[in-house]
Amino acid sequence: MVLLLLIATSCTKDHPLGKGGPIQIDFHLKIAVVSDIHYMDPSLLKNNANTGAAFNDYLDADPKLIEFSDPIFRTVVSQIKSEKPDILLIPGDLTKDGEKVSHQSVVKLIKQISDAHIKVFVVPGNHDINNPEAVTYDGDNASPTPSISANEFSNIYSDYGYGNAIARDPNSLSYLAAPYPSLWILGIDDCEYYDNKDIAIVAGKIKPETMKWALAWIAEAKRRHVTIFAMMHHNLIEHYVGQTQLDPGYVTDNGPAEADQFMNAGLSVIFTGHYHANDITERISGNNQLFDIETGSLVTAPIPYRIITMNNNEFDITTKHVTSIDAKLPGGLDFPTYSNLFLSQHLDGYFSYFLSNPPYSLPDSYVATGAPLFRNAIMAHFAGDEMISLKEQAADDQLGQLSPLISGALSSLWTDINTEDNNLHLKFTAP
């Protein structure tokens with residue numbers, strides 16, 4: 001009955017996004033996107049655990065500003081409220097590792113946003129559900145802490161997509177929401193938490209049943225002349241050439257084929273996260289186009305979020321950054337300096353290990369040279385709008401002479417595909 005009422009009241013002059021003739025959407029909306037919050041409740045760090053062995057072993061393997069995730073997200077909550085968007089989208093990884101106490105804190109902070117009359121929609125990320133890596137840190141040690149089930153996730157975030165959905169996929173935590181009669185948001189759950197055992201699965205895949213369900217609703221939106229956007233944790237399209245080979249697990253399985261199916265059904269925009277990069281890429285198939293708008297992480301420099309103004313058939317996408325937080329930082333550094341230094345130092349260690357082992361297996365002298373080059377490349381990709389200097393290019397070329405694999409990897413990370421990433425004007429046309 002709710003769906004029938006929404007369809008009956010939608011404006012017949014509204015049309016879905018796509019490629020072809022001019023759209024005539026009477027929309028003037030402001031959309032915010034915040035991704036990969038990775039919030040850890042402060043109670044999970046006890047007895048100076050931020051300097052302890054267990055927590056720092058975690059950071060060496062996965063460098064994120066987890067220690068400051070609480071003040072970072074509180075700052076973003078305040079900034080989003082000041083921006084006064086109509087809608088906030090959060091495409092997954094709301095918590096560090098699915099800790100129940102972290103989810104309970106996140107939903108309280110999100111409520112501050114929804115209380116400001118902003119419609120909030122979430123989907124889960126690979127860290128959020130049934131996560132065996134949920135721990136509490138105490139001094140030098142770590143011990144298990146409760147995570148949550150898929151059912152608990154939909155209950156906790158009932159007010160943010162699930163409780164007021166006009167359709168729910170019975171095979172996943174995917175849903176269809178209608179924040180306005182002529183705008184639908186398709187939240188797609190492609191995470192594999194149902195197979196988690198000793199570790200959380202990083203990769204994603206859309207179940208065949210979920211894909212069929214999603215395609216049916218995209219086609220229905222097109223038939224009803226309703227604008228539809230999708231949101232999913234994993235990337236649907238590669239954001240640099242060879243991403244699926246160089247860094248598997250970040251583009252959803254069968255992404256290119258599924259992107260074509262989505263385009264053919266009538267989808268033109270999907271919001272994603274997961275890779276912690278602020279990047280936009282476009283896929284074109286025949287007369288159809290699809291933009292994968294990926295938003296970087298709140299715990300990875302440069303700490304971005306997006307503000308998108310939709311005026312009729314046009315998007316103005318801007319990127320904002322968190323530049324200060326209510327926390328004392330080591331060395332008295334300002335937040336941008338500290339966050340970049342933190343990431344840089346940890347990535348040097350990560351890439352030293354990466355280049356020392358197969359398939360690269362470089363001698364130590366070349367590892368010392370190569371690690372900073374890879375660090376610079378991935379940090380440029382995280383920030384978006386990559387532009388390599390002549391000096392950096394010369395150093396990359398010299399290292400690349402050692403191996404085609406190294407040359408190709410560095411070149412891929414520095415190559416920005418299709419579009420600008422941070423500030424972009426998009427104009428859509430209808431089929």
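## Helix α2 and its cover

Among the elements that cover the buried residues of helix α2 are β3 (45-46), β6 (135-138), β7 (141-144) and α9, where helices (H or I, at least four residues) and strands (E, at least two) are DSSP runs numbered from the N terminus. The structure is a predicted model, in which local features need pLDDT of at least 70 and side-chain atom pairs count only at pLDDT 80 or more, while totals for chains, interfaces and linings use all residues. Residues are numbered from 1 along each chain as its sequence is written, and side-chain values use heavy atoms, with hydrogens and water left out.

In α2, which spans residues 53-61, the buried residues are Ala 54, Phe 55, Tyr 58 and Leu 59 (buried means under 20% relative accessible area, exposed over 50% and partly exposed in between, with a 1.4 Å probe and protein chains only). Seen down the helix axis, these buried residues fall within an arc of 140 degrees, so they line one face of α2; the arc is that of the directions from the axis to the C-beta atoms. Asp 57 and Ala 61, on the other side of α2, are exposed.

## Ser 344 in helix α9

Helix α9 covers residues 335-356 and includes Ser 344. Ser 344 counts as buried because its relative accessible area is 14%. When neighbours within four places in sequence are left aside, Ser 344 is in contact with Arg 375 and Met 379, contact meaning heavy atoms within 4.5 Å.

## Pocket and cavities

The largest pocket has a volume of about 1100 Å³. It is lined by 37 residues, of which Ala 61, Asp 62, Asp 247, Tyr 250 and Tyr 350 are the closest to its centre. Two or more lining residues come from each of α2, α9 and α10 (364-383), and the largest share, seven residues, is supplied by α9. On a 1 Å grid over the protein atoms alone, a pocket is an open set of points with protein on both sides within 12 Å along at least five of seven lines, a cavity is a set of points where a 1.4 Å probe fits but cannot get out, and lining residues have an atom within 4 Å of a point. Grid points are joined across faces, edges and corners, and a volume is the space filled by probe spheres set on the points.

There are two cavities of 30 Å³ or more in the structure, and the second largest cavity holds about 40 Å³ of space. Its lining is formed by Phe 55, Leu 59, Lys 64, Leu 65, Ile 66, Glu 67, Phe 68, Tyr 338 and Phe 342, with α2 and α9 each supplying at least two residues.

## The six-stranded sheet

Strands of a sheet pair through backbone hydrogen bonds, either parallel or antiparallel. An open sheet of mixed pairing is formed by six strands in the order β5-β4-β2-β15-β16-β17 (two strands pair if DSSP finds at least two bridges between them). Its edge strands, β5 (119-123) and β17 (424-427), each pair on one side only, and the twist from one strand to the next averages 20 degrees. Strands β2 (residues 28-33) and β15 (residues 304-311) run antiparallel and are joined by six bridges, with Lys 30 standing opposite Thr 309 in β15.

Helix α3 (residues 69-83) lies across β2, β15 and β16 (314-321) and runs at about 15 degrees to β15. Helix α4 (residues 100-114) also packs on this sheet, where it touches β4 (87-91) and β5, its direction making about 145 degrees with that of β5. Axes are lines fitted to C-alpha atoms, for helices over the stretch in contact, and angles run from 0 to 180 degrees between N-to-C directions.

## The seven-stranded sheet

Seven strands form an open sheet in the order β8-β9-β10-β11-β12-β14-β13, and the pairing is mixed. Because β8 (167-168) and β13 (279-285) stand at the edges with a single partner strand each, one side of each is left without a neighbour in the sheet. Helix α6 (residues 208-224) lies across β8, β9 (175-180), β10 (183-188) and β11, and runs at about 170 degrees to β10.

Strand β12 (residues 269-272) is covered on both faces, with Val 269 and Phe 271 buried on one side and Ile 270 and Thr 272 buried on the other. It pairs in the parallel sense with β11 (residues 227-232) over two bridges, Ile 270 being the bridge partner of Ala 230. Strand β12 also pairs in the parallel sense with β14 (residues 288-294), over four bridges, and here the bridge partner of Val 269 is Phe 291.
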